[in-house]
Amino acid sequence: MAKNLLIVESPAKAKTIEKILGEDFEVKSCYGHIRDLEKNDMGIDIKNNYRPRYIVPEDKEKVVKELKSLAKKSGEVWLATDEDREGEAISWHLCEVLGLDPITTKRIVFHEITKPAIQSAVTKPRTVDMNLVNAQQARRVLDRIVGFELSPVLWRKMSMKNNLSAGRVQSVAVRIIAEREREINAFTAVSSFKIEAHFTANDVTGKNVTFQAEGKKQATAENAEKFLQGCIGADYTVLDVQVKPGKKTPAAPFTTSTLQQEASRKLGYSVSRTMLLAQKLYESGKITYMRTDSVSLSDLAMDATANQIRSQYGERYVQPRRFKNKNESAQEAHEAIRPTDMNNMTVEDADCRRLYDLIWKRTMASQMADAELEKTIARIQISTNKEELTANGEVLKFDGFLKVYREDRDDEDMHEEEEQEGVLPPLTVNQKLPLKEMRAIERFTRPLPRYTEASLVKKLEELGIGRPSTYAPTISTILKRGYVEKRDKEGVKRDFRILRLKDKTIEKVVEQENTGAEKSKLFPTDLGLVVTDFLKQYFDDIMDYHFTARIEEEFDEVAQGKLQWNKMIDTFYNPFKKDVDNTIEKAERIKGERELGIDPQSGKKVVTRMGRYGPMVQIGDVTDEEKPKFAKLKNTQSIETITYDEAMELFRLPRNLGAFEEKDVTVNIGRFGPYLAHDGKFYSLSKDFDPYTITFEQATPIIVEKREAKEQRTIKIFEKEKIQLLRGPYGPYIKQGLRNYKLPKEKQDTAADLTLEEVKAIIEEVKANPPKRVPRKKKS
């Protein structure tokens, strides 16, 4: 009897499911999407109700051929792709390509790859849900239209290499980052003085301890000094002591976005790394489906978690909770991300272990009791001016869920006032307190921090932009396109003042602190800023947060069968197309230009602008008789913030560092970055060296090292024709100018003996018959 054929997206998932289903089923992978829109002419028939034209990509032809062959031999074909819209669309494409009827073909869904879940799914198959398919198709078609129509507008209106692109969600994500950057650049720090008093008292053991109380902030140094002067010779008396119970409640189990956020905060993982590891855990049957916006747990999962808590920590720690989604719009999957078996406290795979531990702990904590606190607030009166100080203390009376897990927060959610409160010693009303010292410390207001990948996901989710499956690809795209970069920023030293009252005298000191340091933050590039401004000016709907969120809601309505997908596209396309045509006809070219001043030597204008190869400074104009001078901006500089002095400093290049082997060594920045020049040869500089500060002593070893490395690589050089025969990691090859040509296998052992004519013949042969590029497989 022929086996049933069950098709899933990935080989790992196929392997896990095949073990569960046994001999009745052969489980095969289609390796993600097997069809995509044609590249030519958008791949959409606009005039025929936006009908998509799908093709099987070259790299999927072999997979499709194999699946067709297996489908013919099998008893019945079952589809078991993921349960979200993307998975539903893959199932429909399989029906179309394999000649299956989507109305009768069995389709099973599950949100965990465990024996009970798979066996249960097989007993109640359904068919392909065309509403979900149409929602995915609507997203794909609309995003293709936006990209296909907008990107050429950017090519025409901006003098950059033709790799510019615009996308519906990616452009809005760049706008969010750009606006935050401009808020930071426009921010002016305002100082005030924090009043801190340090007292002593006996703790419960009779030991004399120091504790802190705080007074009202003072706006200026003068006010702060006046306040301290008013405290000279004062007595400090406890006016009032309040003891209040408090509690902390655990966070809900993970959704896709909260997992991405917490893995970034606690583990330092990028959003894409988190999703890669989560997918690995899901496909090996360790966790439930990883693309979800639901926070609920099944009854079985809640019982299993409660039993685990009970066995590890006792009954007092158990508190079953049902969490509800704030956003009910898009239930792409029906349960939060959790372990499939709470008895498995860890996993063997080293890469996945830390993420699994995080998921396990978060799930456990969500079903545990509140942490119980005791908060103490003491008011202390100053006898000389009747002002008050406040001391706060906090004691953890019962740890509850904190025994397992504590949620982290983003920088922007943290406040200086929320410093960890310690334990206060026992205090009584009318108790006199001896003052050790009182300080007025200058503190500065801070701008909101730049986004991390995690906080950007959080912002996109708050705005209703994107869905669980789109966050990671959106961030990857804006980084890859060069609109945003992820990097660290060094802090700068800043003076701050301290006024200290001790033993009836006030001392003034100035200390330094490091401010503005940031790690792994998202910075808009000049390209990102310029493109954002252009799109906001001419395509305000596309760049509008509410409009983008409304489009997401319409996709949800299509998924629920409330809206026809092509009608939705039509409503969007007609006004959008008018904007495109109008922009191409009337919009000026994008300059992204800012005037900085006048060059004192030539009297010519100094501007900073976007050039063909990135942001630069220009002295003079292309219409001048003399050719303008150009200098590339450093990676840490921006068109929007560079000063005149910083711009003029860039024209110090090229620098002559001195003579080596009787030839000058110069350093400069070219199209491909900084380099050293010596004796007609060029040597690229690594990021470790700054072309503006590198010394002769640092440069000469680089030249020697690179020259020796090149000599070892060189087999033969034809100087006149500028052709080289070089050794590479994959064998000998020919280099002519910037192009490389692979040697035929039969010529590789005798590369040193090749004549100029033979080398030219190989180059011509490769040009006439270029090697076929093998497309990279898309991840499922």
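In this predicted model, Tyr 733 has Lys 742 of strand β30 as its bridge partner, and this pair belongs to a hairpin in which β29 and β30 are separated by two residues. Strand β29 (residues 731–736) and strand β30 (residues 739–742) run antiparallel and are joined by four bridges, where strands are DSSP runs of E with at least two residues, helices are runs of H or I with at least four, and both are numbered from the N terminus; two strands pair if DSSP finds at least two bridges between them. In the turn, Gly 737 has a positive phi of about 65°.

Elsewhere, the axes of helix α10 (residues 299–313) and helix α11 (residues 350–366) come within 9 Å and cross at roughly 90°, so α10 is roughly perpendicular to α11, a term for angles of 65 to 115 degrees. The contact, meaning heavy atoms within 4.5 Å, involves Thr 305, Gln 308, Ile 309, Gln 312 and Tyr 313 of α10 together with Trp 360, Thr 363 and Met 364 of α11.

The protein as a whole contains 21 helices and 30 strands, and 47% of its 780 residues count as buried, that is, under 20% relative accessible area with a 1.4 Å probe, protein chains only.

The average pLDDT, the predictor's confidence in each residue from 0 to 100, is 90 for the protein, and 96% of the residues score at least 70. Over residues 776–780, however, the pLDDT is below 50. Where pLDDT is low, the predicted coordinates should not be read in detail.

Residues are numbered from 1 along each chain as its sequence is written.

Methods. This is a predicted model: local features need pLDDT of at least 70, side-chain atom pairs count only at pLDDT 80 or more; totals for chains, interfaces and linings use all residues. Side-chain values use heavy atoms; hydrogens and water are left out. Axes are lines fitted to C-alpha atoms, for helices over the stretch in contact, and angles run from 0 to 180 degrees between N-to-C directions. Angles under 35 degrees count as roughly parallel, over 145 as roughly antiparallel, 65 to 115 as roughly perpendicular and the rest as oblique. Buried means under 20% relative accessible area, exposed over 50%, partly exposed in between (1.4 Å probe, protein chains only).
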